Amino acid sequence: MDALATKYLRSRKIPSTACSGCGLGQCHKAVVQAIDELGYKVEDVIWATGIGCAGRQTYATWKGDSFAGTHGRVYAIARGLRVVLPPEKKIVMTVGDGDAFSIGFNHLLHCVRTNADMTVMVCDNLGYQSTGGQYGWTTPAGVVTDSSPYGMFDPNWVQSGQDVLDILKAAGATFLARHVSMDGRAMVESVKKAFQNRGFSLIHVIFPCTTNFANAALGSRNPVDLFRWIKERAAPLGEEKPNTIWRTGIYHDASNSRPEFSQLVWGKVAEIRGRYAHEGTH
Amino acid sequence: MRRVLETGNFAVTEAAIMAGCRAFFAYPITPATEIAESMSKFLPRVGGVYLQAEDETAAMHMVIGASLGGYKAMTATSGPGYILYADPYGWAIGCEIPLVVLNAQRVGPVSGITGAPGQGEFYMSRYPTQGGNFETIVLAPNSAQEAFQLTVEAFYLSERFRTPVTVLADQLVTDGWEDISVPETEEEKAAMGLRFMERKVHPGPNFYPPTDEIDLPPVVVGRGRNVLCSDWTPTEEGFDIETVEAQHKHAYRLVYKIRNHKDLITRHETLFLDEDPEVIVVAYGTPSRVVKTAVKKARAQGQKVGMIRPISLWPFPDELFKRKAAYLSVELNYDGQMVREIERAAPRDSAVHFYGKCGELPTVAELQRVFDRLLNGQPLARDGWEMEAW
């Protein structure tokens with residue numbers, strides 16, 4: 001184990017239970033690196049996950065408190081938890097694309113609406129890979145999966161003119177970024193900014209699934225083929241090419257620009273409590 | 001003692017606050033909305049938080065989140081919301097999270113009649129989620145006063161057993177205005193039989209051993225205990241695993257922590273059971289109040305009837321049904337849900353009859369006619385649309 005893993009992760013989960021060639025480890029690494037550089041301790045961070053690859057292969061990896069919610073609802077658990085948690089504690093969630101942008105989208109949007117302090121990393125393997133490789137709402141157009149044998153034709157959340165990050169921005173998210181998992185340093189910097197935003201932050205990270213996605217979409221399980229395929233379709237914001245699907249970098253940064261949810265709630269509770277302090281409960 | 005003329009909804013709010021509830025999340029629904037309204041008014045005054053969720057699924061998950069953060073937390077709903085609790089209810093059972101749910105039953109299926117009492121979630125409260133491999137605790141009040149007492153008790157049991165507890169009320173209990181006594185001193189609380197349990201914090205990092213123990217502190221995050229909990233089958237350390245051995249140990253704990261301590265949960269009211277009843281009438285919730293009047297009246301006329309009112313519905317009080325007699329289940333539904341449990345619990349050759357209505361209570365006169373028929377050995381059958389009987 002490397003020094004970061006020894007310091008922050010449970011040895012039982014190292015090496016990871018993810019498939020060989022999976023990019024999830026790059027996502028984890030960026031989060032742990034950011035935590036280390038910000039000087040957070042194990043007890044400062046609560047790491048939550050949902051289901052799917054991003055959930056199952058992440059749960060209980062973090063050495064501190066870690067929990068895995070039901071399918072798509074970990075956002076609602078986190079919102080309830082955020083309200084009662086001391087403000088200095090950080091909540092980070094690594095969740096899948098189906099979890100965040102499909103089954104849990106409603107709950108995610110209400111975390112956004114309220115600007116609840118949490119950092120959500122959507123680890124996007126371009127579909128439902130832990131169930132064998134069905135298409136999801138970030139599977140690029142034309143891609144063959146187990147459930148789109150003639151190519152993905154269902155409209156998706158990354159196609160031109162309907163970027164899912166636009167929805168989150170309009171809903172009130174205060175920090176949004178997108179990366180591919182091979183982005184390395186740039187992704188670590190985005191995660192650090194996300195943690196430092198006292199409010200709702202989301203980082204959308206495309207990561208390679210060599211087991212199911214690559215096999216159906218590319219006809220190859222060679223990690224290098226898929227890494228290259230993803231990199232060719234990603235470009236920094238402002239440097240898009242005709243074949244660009246994923247525009248990477250910091251998409252929207254309004255960090256600390258509006259009240260954080262639990263601050264808002266407890267401010268109001270304190271005000272009401274003060275007003276009725278001399279009247280008892282009734 | 002403070003006496004107020006108020007609704008059951010208000011009584012539940014008073015009780016929850018007294019029991020230490022400081023987080024309440026819900027989605028508005030008739031006939032439980034007034035609990036949310038009174039929580040929104042009174043919780044902030046005592047330093048608690050009330051929030052409206054985007055739907056019932058989120059409300060229950062937020063309750064889980066608050067409990068996971070160390071707060072006593074609660075939600076309230078009716079049937080169409082209770083079904084949406086199914087998903088987080090299972091998570092809370094599996095992760096052994098204490099919390100309290102109030103279900104003000106109305107008439108179904110689906111939205112049915114919103115402002116009338118029903119008893120359609122008898123079995124659903126036993127199996128409020130998928131997957132099986134668990135026991136549940138359900139308490140059923142028949143008055144605003146009892147809703148107060150059982151809400152306090154629900155918090156107590158949820159903490160000791162580290163599990164969600166449902167208070168299964170009905171629309172008449174929650175919406176009805178009644179004389180309610182609210183104890184104010186410790187002596188008054190004790191005299192009313194109220195029990196309280198403070199939140200304890202799991203020492204971490206392991207999950208739970210495969211034992212039937214209660215009083216193990218629940219998992220709380222944010223306290224530096226490095227705890228784990230998830231929707232997957234856990235090892236004793238809390239890691240996710242897919243082995244039947246781990247699953248058997250998990251299921252054993254979830255089932256037997258409740259089964260082996262049933263005596264802490266069971267409550268009931270009985271009438272004339274030791275006076276040789278030929279017909280034993282069984283009812284819970286609001287209908288039991290009409291039944292009680294009818295049974296007393298029948299006894300006064302010399303008829304050999306008795307009554308069993310389960311107050312704790314689940315685990316079902318099998319031990320109350322040992323007498324050889326004809327049983328009559330009176331319920332606010334047409335399908336006769338509790339009948340099957342009585343058939344299971346009663347001596348093998350017992351006749352189990354049913355008298356059920358949807359959305360309105362039977363009258364004492366109606367029940368008297370039913371008693372007359374049964375005591376005269378005549379069959380019971382539906383007569384028109386206004387009830388179901390057999």
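Helix α3 (56-68) of chain B has 13 residues, which at 1.5 Å a residue should span 18 Å; the end C-alpha atoms of α3(B) are 18 Å apart, so the two values agree. The expected span is 1.5 Å times one less than the number of residues in the helix. Helices (H or I, at least four residues) and strands (E, at least two) are DSSP runs, numbered from the N terminus. This is a predicted model: local features need pLDDT of at least 70, side-chain atom pairs count only at pLDDT 80 or more, and totals for chains, interfaces and linings use all residues. Residues are numbered from 1 along each chain as its sequence is written, while chains are lettered from A and ligands numbered from 1 in the order in which they are written.

Of its 13 residues, 13 are buried, so α3(B) is largely enclosed by the rest of the structure. Buried means that 20 or more other C-beta atoms, placed from the backbone, lie within 10 Å of the residue's own; exposed means 12 or fewer, and partly exposed is in between. Just after α3(B), Gly70(B) has a positive phi of about 100 degrees.

**Contact with chain A**

Chain B puts 38 residues in contact with 36 residues of chain A. Contact here means C-beta atoms, placed from the backbone, within 7 Å. On the chain B side, β2 (21-26), α3 (56-68), α5 (86-95) and β10 (228-229) each supply at least two residues. Helix α3(B) gives the largest share, nine residues. By class, this side has 22 nonpolar, 11 polar and five charged residues. Ala, Val, Leu, Ile, Met, Phe, Trp, Tyr, Cys and Pro count as nonpolar; Asp, Glu, Lys and Arg count as charged; the others, Gly among them, count as polar.

Strands also pair across the two chains. Strand β2 (residues 66-68) of chain A runs parallel to β10(B), with two bridges. Ser66(A) has Leu228(B) as its bridge partner. Pairing requires at least two DSSP bridges between the strands.

**Chain B overall**

Chain B holds 13 helices and 17 strands. Of its 390 residues, 56% are buried. A compact globule of 390 residues would have a radius of gyration near 21 Å; chain B has 21 Å, which agrees. That radius is taken over C-alpha atoms, and the globule rule is 2.2 Å times the number of residues to the power 0.38.

Chain B is divided into domain 1 (2-191) and domain 2 (269-389). The bounds come from an automatic or database domain assignment. The domain centres, taken over C-alpha atoms, are 27 Å apart. Across the boundary, 23 residues of domain 1 are in contact with 19 residues of domain 2. On the domain 1 side, α6(B) makes the largest contribution, four residues.

**Strand β13 of chain B**

Strand β13 (residues 305-310) of chain B is mostly covered, with six of its six residues buried. Val305(B), Met307(B) and Arg309(B) point one way, and Gly306(B), Ile308(B) and Pro310(B) the other. Its pairings are listed below.

| Strand paired with β13(B) | Bridges and sense |
|---|---|
| β11(B), residues 268-271 | four bridges, antiparallel |
| β12(B), residues 279-282 | four bridges, parallel |

Thr270(B) stands opposite Ile308(B). Val279(B) has Val305(B) as its bridge partner.

Methods
Contact = placed C-beta atoms within 7 Å.
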